[in-house]
Amino acid sequence: MSTLVIVESPTKARTIQKYLPKGYRVEASMGHVRDLPQSASEIPAAYKKEKWSQLGVNVEADFEPIYVVPRDKKKVVKALKDALKQADELVLATDEDREGESISWHLLEVLKPKVPTKRMVFHEITEEAILHAIANCREIDVQLVHAQETRRILDRLVGYTLSPLLWKKIAPKLSAGRVQSVSVRLLVMRERERRAFVKGAYWDLKAQLEQDAVPFSAKLVSVDGTKVATGSDFDEATGKIKAGKKVKLLDRAEAEALLATIDGQPWSVTKLDAKSSKRKPAPPFTTSTLQQEANRKLRLSARDTMRVAQSLYENGYITYMRTDSVHLSTQAIEAARNCVELKYGKEYLSPKPRQYATKNKSAQEAHEAIRPAGSTFRTPKETGLKDRDLALYDLIWKRTVACQMAEALQTFITVDLQVANAGFRTSGKRIDFPGFFRAYVEGSDDPNAALDDREVILPTMAVGDQPNCTDVEPIGHETQPPARYSEASLVKTLESEGIGRPSTYASIIGTIIDRGYAQLQGNALVPTFTAFAVSALLEKHFPDLVDTRFTARMEETLDRVSTGDVDHLPYLKTFYSGDRGLDTQVKVQEEHIDPSQAKTVQLENLSVKVRIGKFGPYLETEYEGEPVTASIPHNLTPADLSAEQVKVLIEQKTKGPESIGTHPETGEPIYVLIGSYGPYVQLGDVTEDNPKPKRTSLPKGVTPENLILETAIGLLALPRLLGTHPETGNKIQTNLGRFGPYVVHKKGGEEGKDDYRSLKAAMGDDVLTIDLPRALEILAEPKRTRRRAAKKPLRELGNSGDEPIAIFDGPYGPYIKYKRKNVSLPEGADVEKFTLDEAIELVGAKKPAAKKDHHEKDRREKNNLEKTSSEKGHHNENHRK
């Protein structure tokens, strides 16, 4: 008997195949084989004239979705049908969540099998799990399919109804989404808070003391019995102390006067307080908490975290990575406790197995938390994993093991001291028993180092002791605006508010960045002016769609569809049709939305208008009765745009830039200007004879405010010739590049490529002052200190001309390398079967002259490649969701 098993990806297929008995054949569907039409060209001819056809949903006939097999999936479907012809049984083994259930249902609809069909589910890919799953198959869960389909339809209705409105009223290529738009509004609301924030200033004193030769520090907390003001006492809207707060606000003069008062006075311990505390380990990971912690600890985006987790799951290292549950099976708890006992000892085990309850009542995904796969957990070293795979597995392993460890015991100590009329306080923390801290400390990569950082040891003291003061200094403070969202904090907020599903957060955040609604600055998500404009339009005209409570209620309703408590059809009709439905709202509001107003971003305390233009945001005002516009630099955010910056940009446009001096050799003026990509210096004026004068960007650390003429002259002299290499006689130059200042050994010609090395700021290297000996010293350092050893290819495919084409393994999967071009392999492509001709098509290399009898074969391979590569990304993203 022959059985065909279908999963989503080739990796998953290869892993599962190892565990199945003879007679089982595993093939991959490459995610969804059907979806709603993605473009007008995919709409079936029978529906093209219907007014609802662009939606891909027949809103006039019970919201029936119009499913099509995308062009790039036709080859996959044909291959699956051919394989099914040779099978006596079909087993659908896609993921166990809603999306996986939907993929199986679509396969059933497309393949129309005439042989017995079963649904196989599992949450880890181990031999034991696969054999158990194959012996305990079930039918497709239609309720789950309806739940996924309703979400898909609802998301399509919102996105395809609102997005065209944004194109007309604000700018092309914008998009709206049920969860996406709420997420963008959260970013915008936080940025508005930052813009409205008024800074407050306060001073205090910090003392350095000793007791029995053990140093410690203490901070001022009171004067004459009145609490000294700290940052939490300030009103963010005024920058002043909150009304009703009975605190003493010190300025610099008062702090220095107090310092003079207490100078030389005796110190005395007036109070000691010690409190013991127990801390329990965090639950094992869910999708949301894994994304948050990977972002904090590993600096991985939500999208990258899910890519790596998917690879770990499909290769059999972890359990299913899309889950809302914190539950662990008895087998997993036993495996974790064995790890604790072997690695840390029995004293570090919790007294009894610890099980966590899932608080999220709508948890509908997998049945278990994310944990290492199997009945015994491989240690990170035993896996043989590398780079990001190893880092994420290590995180999951530690978190899972830690949840079965003993509680950490800590003692918090507070000591109050008095000197003259000033009260000081110092705090310490002692870890009496580290417990689970030995394995896992949130936000730290090294638990042992974190233990040291967490302890603040104070000397032994008693009331009445008089420690010796060695130094006191006044310290000024400024209150800080609310922190911007990071990916981790945004994911946490979305989950806590009940907005969307954690399994979709990665793609949503990716879309927000890709569509230009936010920029990543460090680890912070910074909303753009476009985000402000779109959020303002939706808040004014479609407030429910960006209201967190409304969206959370919508999510609850969709969860009830999956349990059968709510019928999806009446809900869709109410949401989209009728007098108050989305379709009617958009038609009515479109007439009232003025594009000029929609493109205007309202910012308080600015006398100019900020508008969204074809080439980005710009300022608009009047000067001497004439309209004036000025582009806003890309790195300038709404919260940071000040009246002073506006003045500089407008004056630069109306009066021209202000000269900071003249060049000593040419006599030309030197200007400092602000362009779309930041500040730069310019030599001379723009004229017909000199349309492109010499310009150089300001390096990191140099601003228009602190730029001096000497530095500007030096920047305009770049690249700077330092001399010649003593061995080759070739030039040694220094310059500014995309990644900062560098030196270069200009080899050129037949001698080879130029040799570039970055300057080291930590070593005092400066692009304007570095000399030849130091440059030669940097160039003499072996390159292996800067770069990793060359990778070995997975496969060498051959040459195009004299250049090799090979397949390498990268952090996001296999890719083709040709010269300096790297191109990812199409999703689902087999590394071992991928041909040179297919690679040449992808990288755009010159194809070797084909033999006469191969012409037809070449054309077939080209057509197949086009089918495989086009629109792959979107449908693979659907699978990942």
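Let's start with the open sheet: four strands line up in the order S24-S25-S26-S27, with antiparallel pairing. Strands here are DSSP runs of E with at least two residues, helices are runs of H or I with at least four, and both are numbered from the N terminus; two strands pair if DSSP finds at least two bridges between them. At the edges you'll find S24 (720–724) and S27 (755–758), each with a single partner strand, so one side of each has no neighbour in the sheet. From one strand to the next, the twist averages 25 degrees, with axes fitted as lines to C-alpha atoms and angles running from 0 to 180 degrees between N-to-C directions.

Keep in mind that this is a predicted model, where local features need pLDDT of at least 70 and side-chain atom pairs count only at pLDDT 80 or more, while totals for chains, interfaces and linings use all residues. Residues are numbered from 1 along each chain as its sequence is written, and side-chain values use heavy atoms, leaving out hydrogens and water.

Now zoom in on S25 and S26 (residues 740–745): they run antiparallel and are joined by six bridges.

H22 spans residues 709–716, and its buried residues are Ala712, Gly714, Leu715 and Leu716 (buried is under 20% relative accessible area, exposed over 50%, partly exposed in between, with a 1.4 Å probe and protein chains only).
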